[in-house]
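Colleague: Could you walk me through this one? I'd like to know what the labels rest on.

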Amino acid sequence: MTRELGRATLAVVVLTAVLGLAYPLLFTGLAQVVFPNRADGSLIERDGEVVGSRLAAQAFTKPEYFHPRPSGTDPEYNAAGTTFANLGPTSPDLAAAVEERAEAILALERPYNTDLELGDIPVDAVVTSGSGIDPHISPANARMQTPRIAEERGLSTERVEELVEEHTDGRFLGVLGEPGVNVLELNLALDEENR
Amino acid sequence: MTGNGITQIALYAIVLTALAYPLGAYMARVYTGTLRLPRWLTAPERGFYRLVGTSPDAEQTWKGYAKTSLVFMGVFGVLLYLLFRLQGHLPFNPDGMTAVLPHISINTTASFVTNTNWQYYGGETTMSYLSQMAGLAVQNFVSAGVGLAVLAAVIRGFARRSAGTIGNFWVDLYRSVAYILLPLAFVLAVILVSQGVVQTFDGAATATTVEGGEQSIARGPAATQVAIKQLGTNGGGFYNSNSAVPFENPTPFSNFLELLSILLIPAAQVFMFGRMVNARRQALPIFGAMLAMFAIGIAVILPAEQHGSQVLRDSGVNITAGDGQSGGNMADKEVRHGIATTSNWAVATTNASNGSVNGGHDALTAAGGAVPIVNMFTGEVIFGGVGSGLYGMLFFVVLAVFVAGLMVGRTPEYLGKKIEAREIKIAAVGALFVPTMVLVLTAISVVTDHGLASIFNPGAHGFSEALYAYDSQSNNNGSAFAGYGALEFSSLLGSLALWLGRFAPLVAALALGGALAAKKTVPASAGTFRTDGATFAVLLVGVVVLTAGLMIFPALTLGPIVEALS
């Protein structure tokens, strides 16, 4: 038994040193050389300052910006504390949250889009994402917000639609996954447009 | 259910099979020692054997094999616990994480040594980079390696005649890690970084957001860990929300690869089995049975998630697929993943003992959420865990052969070996111990105040959370209805489930291998029940579904079924 323990301990030390230190250290060196921006978190700079990551939603509340999906993190859009909301399919809390968000959307968008009905709101706009920092909204969600953005920014609807299209990440090979509009990149492009 | 959704999942099954077949052939060569490698590549292997004082010729009995593997896991457990408790004083901790709480450390140690990766903690808010890479990621390699090693030994038991030994643990472990897991993980990690998975030793980044707020963005050496957590059926996320987090799974391409990785080795090991027992056709009914049960899961969850939850259907918002959205139950799901791949993932991760998620399971619909519960409850034999999936399925194979023997009135045989009382007893223990434990522990957790305190959602869904928790931990899955709280009582009860859930089937499988290795083979005759055709595949599905289905049904009626009817 002592001999068995001694061998196991040696194996544990060696495996930890190789798989747990040498491998990730060497790999990080490689990743930092080949894909430096991505390995560092796909950070986006504007005027020399980091404004966020293309892979993390951030809070947008002003009317001239596209708004991301709701977030279940604390505080919202916490990219250092991701979480699901974990509300079940019959949860009264989920029902209340969805109703509240839908009302807020109608109140926000109707001044720009008088025909907007409850049944027009795409589901991704009223439920939290898996990570709490989903960087995308569905194209339908972007379309719902477009009249507001166009009017607030004095841009044509067509121009805003063009920009949305440009910042839509499509399916892989046209088949896999779902299309999504990257909210942060789109909003930065809008700011650029208005400069 | 949309046409595109079905196409995505069909494509997944096709690519999976196409990759698994050649990988299985390669793996068979690894474990039969027929792989020819250049000397410089095998030098570390010889060094490792010298270090642990063994050689490929020094084979072990099943008992010796079991003892060595258990001692090895025990020593690793001690190291892991110390690492979590002392991480505040150790290097690679740029975000200043302090010691992990004792009960969380105990549970997490059990969880990672047993290839489960149940997480009662959030990675980016709890663990230092050292704990992640030198503790958790190492276990992701090693626990998967132990599973593969044990499987190789068990298969030798089926293949050999009148033999007293079934292999050498250290040799099988080394080869699993160095020739299968590490090369695959390296390639996957490179692709993941190219898609945007982070890999850095810098601490969290701070951004000044467009509207002037401050946002902290957690980072770390994630790609290396994410790759092996997918390939090794581990599943423990670098981040709390696992592969739903863009830094862990940024694009549809990364998602497809991570999803393939969940079932890649578990599917390949079936073909490996056929080659190692010198009867390639024997792999086909097993593979077919697994694929059929995978498809059953998809057929339930995909329409359920697309149809949406009660709350969302009643809310009046638009949940119809098409016209710029994937629609359906998008609660706790990501836009880029949508309904189809998230459903595919939920099935694959619970077919296997992976447990990673790309969307929240607690928010699944009633029928959708029942699918992972049932998948896990089979003992994760639908492809299953790396190593453990197939040795778990071999219990059912023995039981199916026994049932067939009763039907035709002959002594049951499998691969020329007589299946007798001892083998059937071992297989029954291997197949039934864990599901029994699931029901007992769930019952304990819902009749005690300490247990009830962990439940998050009200009503029947709360019961499902508890059932899911002990189902997942006992079967070494690791996924969760994640609202279930990390309280002391639940952590410790869960730790018990984790250890026993790993050891009981593992030792039973080795005992089965040992018993079969000692037997002579008898030539097949006209009365031998054929185990290489479609009939056997149907029988195998029947045995798995009846065994697991009958045991779980009463519990399902208290959870998902009540919920679906409410």
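Modeller: What follows is a chat about a predicted model, going label by label.

Colleague: Let's start with helix α5 of chain A. Which residues of α5(A) are buried?

Modeller: In α5(A), residues 157-166, these are V160(A), L163(A) and V164(A). Buried means 20 or more other C-beta atoms within 10 Å of a residue's own, so V160(A), L163(A) and V164(A) each pass that mark.

Colleague: How do you know that they are on the same side of α5(A)?

Modeller: Look at the arc around the axis: they cover only 105 degrees, which puts them on the same side of α5(A).

Colleague: And what does the face turned away from the buried side of α5(A) carry?

Modeller: Exposed residues: E158(A), E165(A) and E166(A).

Colleague: What covers the buried residues of α5(A)?

Modeller: Among the elements doing that are α4, β4 (168-169), β5 (180-182) and α6 (183-194), in chain A.

Colleague: Why do β3(A) and β5(A) count as a pair?

Modeller: Pairing needs at least two bridges. β3(A) and β5(A) have two bridges, in the antiparallel sense, so they qualify. In this region I137(A) stands opposite V181(A) of β5(A).

Colleague: Now the largest nonpolar core. Which residues have the most contacts inside it?

Modeller: F396(B), L510(B) and L540(B), in a core of 240 residues. Helix α6 of chain B, residues 129-159, gives the most to this core, with 20 residues.

Colleague: What does L510(B) touch?

Modeller: Leaving aside residues up to four places away in sequence, L510(B) touches W62(B), Y65(B), A66(B), V150(B), A153(B) and V154(B). Touching means C-beta atoms within 7 Å, so each of those residues meets that limit with L510(B).

Colleague: Last one: how many residues does each chain put into the contact?

Modeller: Chain A puts in 90 residues and chain B 101 residues. On the chain A side, α1(A) gives the most, with 20 residues. By class, that side has 47 nonpolar, 29 polar and 14 charged residues.

Technical notes: Residues numbered from 1 in each chain as written. Chains lettered and ligands numbered in written order. Predicted model: local features only at pLDDT ≥ 70, side-chain atom pairs only at ≥ 80, totals over all residues. Contact = placed C-beta atoms within 7 Å. Helix = DSSP H or I, 4+ residues; strand = E, 2+ residues; numbered from the N terminus. Nonpolar A, V, L, I, M, F, W, Y, C, P; charged D, E, K, R; others polar. Buried ≥ 20, exposed ≤ 12 C-beta atoms within 10 Å, placed from the backbone. Arc of directions from axis to C-beta. Core = buried A, V, L, I, M, F, W, Y, C linked by C-beta atoms within 7 Å.
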